[in-house]
Amino acid sequence: MTLQQLRYLIAIAEYGSINAAANNMYASQSNLSTAVHDLESELGITIFTRSNRGVTLTNDGTELLGYARQVIEQADMLEERYLSNMGPRSERLAVSSQHYYFSVQAFTLTCEELSDEGMPAVEEYDFVLRECATGQIIDDVRTFRSEIGILYMDDFNSRVLSKAFDEANVTFTQLFEAQPHVFVGAHHELAGRASLSFEDLEPYPRYSFEQGTNNSFYYAEEPFAALPHKKNIRYSDRGTLTNLLMHYDGYTLSTGVLSEEMLSGIVSIPLNTDLRMRVGYIMHAERRPSRLLERYIANLHNVIDSHASFLA
């Protein structure tokens with residue numbers, strides 16, 4: 001077993017396919033395939049299951065990946081301490097998030113800081129931001145595909161999500177609490193209201209992010225997803241949501257923090273409820289935060305502080 005084999009293993013798990021990992025590591029696909037085959041033969045396990053869509057970690061593969069990351073992190077620390085002047089410094093940051101603008105802002109700020117004079121020089125880097133479904137976020141962090149996942153909990157979903165966190169060996173850290181708000185277009189007949197009730201919303205279409213194969217009420221990004229509603233429209237990206245809100249008469253529920261593209265033409269109105277959204281991040285219990293991940297978390301706090309007026 002070599003460090004290079006472990007690096008290949010980590011890259012394949014993070015990129016989801018041998019071909020994508022090879023392209024990003026400037027290595028041949030055959031070298032990565034051979035490395036995985038040799039590891040499987042040496043350890044007597046199957047690391048990945050293969051399909052036309054890529055590769056997926058087995059249970060044994062997920063356990064091995066956890067150990068591999070610890071070994072590589074320790075090796076990187078040694079290289080940083082003793083070999084820092086021998087070559088370019090490479091950094092990676094992978095974030096999986098529900099569709100929150102503050103997580104995108106923090107990601108952008110972290111990217112910009114790479115050129116700040118106060119940060120050590122970074123000549124090579126690979127940044128990934130995935131806005132995806134809740135189940136995918138948990139799985140990305142579980143399998144080390146992402147270093148951090150951004151999502152919310154409340155009294156309704158906390159039991160189910162806490163169980164999923166335990167099974168994935170991830171921990172949840174709260175960033176803030178927020179009162180649920182209703183987003184509607186500025187043209188909407190409810191736009192001038194100081195607050196809204198569910199009775200006020202009943203006649204209008206409800207917009208929500210689609211959760212894929214794990215389309216459970218407990219995994220929804222919007223609070224009160226379990227409440228029945230006659231008119232529902234689902235989508236997978238924030239751009240579609242913005243267009244729907246600005247041009248049609250539906251609504252969505254969220255934290256109250258408007259994204260930059262929503263600042264003109266969309267209003268945020270408090271919902272009359274005692275429920276509070278607890279927004280935070282999950283990390284694998286066996287992961288040691290990298291320097292960039294620590295910067296990203298600090299930027300999350302900075303961006304959230306700038307929206308303090310919306311928080312509970």
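Helix axes are lines fitted to C-alpha atoms over the stretch in contact, and angles run from 0 to 180 degrees between N-to-C directions. Helices (H or I, at least four residues) and strands (E, at least two) are DSSP runs, numbered from the N terminus. The structure is a predicted model, in which local features need pLDDT of at least 70 and side-chain atom pairs count only at pLDDT 80 or more, while totals for chains, interfaces and linings use all residues. Residues are numbered from 1 along each chain as its sequence is written, and side-chain values use heavy atoms, with hydrogens and water left out.

The protein contains ten helices and twelve strands. Of its 312 residues, 51% are buried (under 20% relative accessible area, with exposed over 50% and partly exposed in between; 1.4 Å probe, protein chains only). The accessible surface comes to about 15300 Å², and carbon and sulfur atoms account for 48% of this surface; areas were computed by the Shrake-Rupley method with a 1.4 Å probe, and for residues only the protein chains shown count as cover. Among contacts (heavy atoms within 4.5 Å) with a separation of 6 or more, 76% join residues 24 or more positions apart.

Helix α3 (residues 29–43) packs against helix α2 (residues 18–25) at an angle of about 120 degrees, and the two axes lie 8 Å apart. The pair is therefore oblique (angles under 35 degrees count as roughly parallel, over 145 as roughly antiparallel, 65 to 115 as roughly perpendicular and the rest as oblique). The crossing of α2 past α3 is right-handed, a crossing being right-handed if the near helix is turned clockwise from the far one by less than a right angle, and left-handed if anticlockwise. Ile18, Asn19, Ala21 and Ala22 of α2 meet Gln29, Leu32 and Ser33 of α3. By class, this contact of α2 with α3 comprises four nonpolar, three polar and no charged residues (Ala, Val, Leu, Ile, Met, Phe, Trp, Tyr, Cys and Pro count as nonpolar, Asp, Glu, Lys and Arg as charged, and the others, Gly among them, as polar).

Helix α3 also packs with α1, at an angle of about 105 degrees and with the axes 9 Å apart. Helices α1 and α3 are therefore roughly perpendicular. The contact involves Gln5, Tyr8, Leu9 and Ile12 of α1 and Asn31, Leu32, Ala35, Val36, Asp38 and Leu39 of α3. Seven nonpolar, two polar and one charged residues make up the contact of α1 with α3.

Gln5 belongs to helix α1 (residues 3–15). Its relative accessibility is 13%, so Gln5 counts as buried. Leaving aside residues up to four places away in sequence, Gln5 touches Ala35, Asp38 and Leu39.
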